[in-house]
Amino acid sequence: MSTLPPTGALIPVDAPFSAAQESWLAGFIAGIAAAGKRASGGAPTTTVDVLFGTQTGNAEFLADELVAGAKARGLGGRATALDAVTPEQLAAMSHVLVVTSTYGEGEMPDNAGLFWDAIQASTVPRLEGLHYAVLGLGDTSYDEFCQAGKLLDTRFEQLGATRIHERVDCDVDFEDPAALWSAAVLDRLAAEAGAQPGAGGPAAGPTAPGSAAGGAGASRASRPGSQWNKRNPYRAPLVVNRLLSSPRSAKEIRHFEFDLGDSGIEYAAGDALAVVPHNDPALVDQLLTHLGADGGTDVDGRPLGEVLRLDREIRTPSKDLVADLVQRAPGSELAAVVSHGDKHELDRWLWGRDVLDLLRDAGTAAPTMEELLPNLRGLQARQYSISSSPLAHAGRVHLTVASVRYGDVHRSHAGVASTYLADRVQADGEVDVYLQPNAAFGVPADGDAPAVMIGPGTGVAPFRGFLHERAAAGATGRNWLFFGDQHRDTDFVYEDELTDLQERGVLTRLDLAFSRDQAEKVYVQTRMREQAAELYRWLEDGAFVYVCGDASRMAKDVEQALLDVIAGQRGRGAEDADAYLADLRRAKRYVRDVY
């Protein structure tokens, strides 16, 4: 029988892997090597249920990897969205790994809220027979960092479950800590089960999200893998940069197209594209000048100016920087706001201010560049909903982006990625991008199913892709779009396309809400209430409801309008409407792409 060499010999010293990735690979290879020393075969004795809560797809991606890792170690594995699991099903499980992001201000992601509500009930079954571990995904720039993971971890413990590994809370750069946590948890489970690597196989259980007939999207695990990711983005030529809104508009909305070339990137309507931006060189120069620093100074083998332009977040101040400046300059305006202890007041004060603004506020107490660098977060990619369909726009991917620009007589400010694309990438210039799949947000798998799409402003982006996708696929289901913005004559983006789609019978209904074209403001939720009877008929006919756009106000207002429509048409009160909408969520017929 052939045997594998030591795991270290299989991973070259110069291999482009992080320590966490090497740890994962070493465990995987060790499992295969062990398989050569033992008889293979036999069904797995332990099944690992990986339950995920996701808003953008990262938690689902990790859940798929955990299942693959479990099976490689001889364990059974299955991944399921949290909302697809009842408390009774949970109580019947033996080993559960939870991977969840946190949405908004410490809230559960959309496909975990119903699960959270259910396990808080006083009648929920006890979980003494369950062993579990939790991995949280979040962003330390938010006060309620990884709050969803923390809440689930605590609740499982309260219900009597046994924690098999300490929870790990991951920041936006989650890959390494997630890989280390995954390897440690799976290795422990495999050792306790005495599992034989390679014996793991599919296990019966709750149906994976999106796999049911008529479900939206396809399982992320079924998508072809890609070599392009956060650490290795694809350099895509930007071949179209076109202004959509009128020059007279208060907004600047642009249409971008990237050539995918021979990248092999395969996206679906509803996915997002991550754009790796560069900071504005003018802002970098202002920062260097203010601190009296030399952009040519060496920082780990690279010029300081290049590090600031390509690697550090200089637009949005980090929490660490805020804390440092308050300590250094207790007499500053920032310190006075922080002293009130009012989070909302602090958020209002920080809104629109960048790192340079805060350094100026600190005056002579501001840190040196050397002291500042550790408090600057890494520059993150910005994700945008894809506004095209691979069926209709072969070889290209489209984005619909509002350029962020604001300021006063003293300073002008601009969004990092939006103005990078609009202003600083030359014609046919290349932009680093990678795909961010969103399995939960896609056209109905059933081409006959109706679809209601609600997306004001740039929220129309994915629905442009949906409509082109359904047209190219020959789907016969009706399509209803609620769209709006400020003024029809300046802000009706894609008007010609939407009119054409109407004339072709692809877009069955188009309800428009231009808020400032009349004395009383009109929004998409206004139109929803006006069309309550027809909207409810579509729901009863099996329509899927999609919402895209601002999470803080629009999405909440739209959900309340939807609840009002349901309650008014059913005539059974608010509690019944809540239950009706919950059923739509469980069936993946009410899904959101909000930010």
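The legends below describe close-up views of a predicted model.

**View 1. Helix α3, residues 58–72, and the residue that follows it.** With 15 residues at 1.5 Å a residue, helix α3 should span 21 Å, and this agrees with its end C-alpha atoms, which are 21 Å apart. Because 11 of its 15 residues are buried, α3 is largely enclosed by the rest of the structure; among the buried residues are N58, L62, L66, V67 and A72. Just after the helix, G74 adopts a positive phi of about 85 degrees.

**View 2. The aromatic pair of W351 and Y406.** The structure holds 16 aromatic pairs. In the pair of W351 and Y406 the ring centres are 5.7 Å apart and the planes stand at 35 degrees, so the pair is tilted. Since W351 lies in the loop between α12 and α13 while Y406 belongs to strand β14, the pair ties together parts that are 55 residues apart in sequence. W351 is exposed, with a relative accessible area of 66%, whereas Y406, at 28%, counts as partly exposed.

**View 3. The aromatic pair of F441 and F463.** These two rings also form a tilted pair, with 6.1 Å from centre to centre and 40 degrees between the planes. F441 lies in the loop between β16 and β17 and F463 in helix α16, so the pair ties together parts that are 22 residues apart in sequence. Both F441 and F463 are buried, and they form one aromatic cluster together with F466, F544 and Y546.

**View 4. Charged ends over the rings of W349 and W538.** The charged end of R353 sits over the ring of W349, 3.9 Å from its centre, and that of R478 sits over the ring of W538, 4.4 Å from its centre.

Key: Residues are numbered from 1 along each chain as its sequence is written. This is a predicted model: local features need pLDDT of at least 70, side-chain atom pairs count only at pLDDT 80 or more; totals for chains, interfaces and linings use all residues. Side-chain values use heavy atoms; hydrogens and water are left out. Helices (H or I, at least four residues) and strands (E, at least two) are DSSP runs, numbered from the N terminus. The expected span of a helix is 1.5 Å times one less than its number of residues. Buried means under 20% relative accessible area, exposed over 50%, partly exposed in between (1.4 Å probe, protein chains only). Rings of Phe, Tyr and Trp (its six-membered ring) pair if their centres lie within 6.5 Å; planes under 30 degrees apart count as stacked, over 60 as edge-to-face and the rest as tilted. A charge sits over a ring if NZ of Lys or CZ of Arg is within 6 Å of the ring centre and within 35 degrees of the ring normal.
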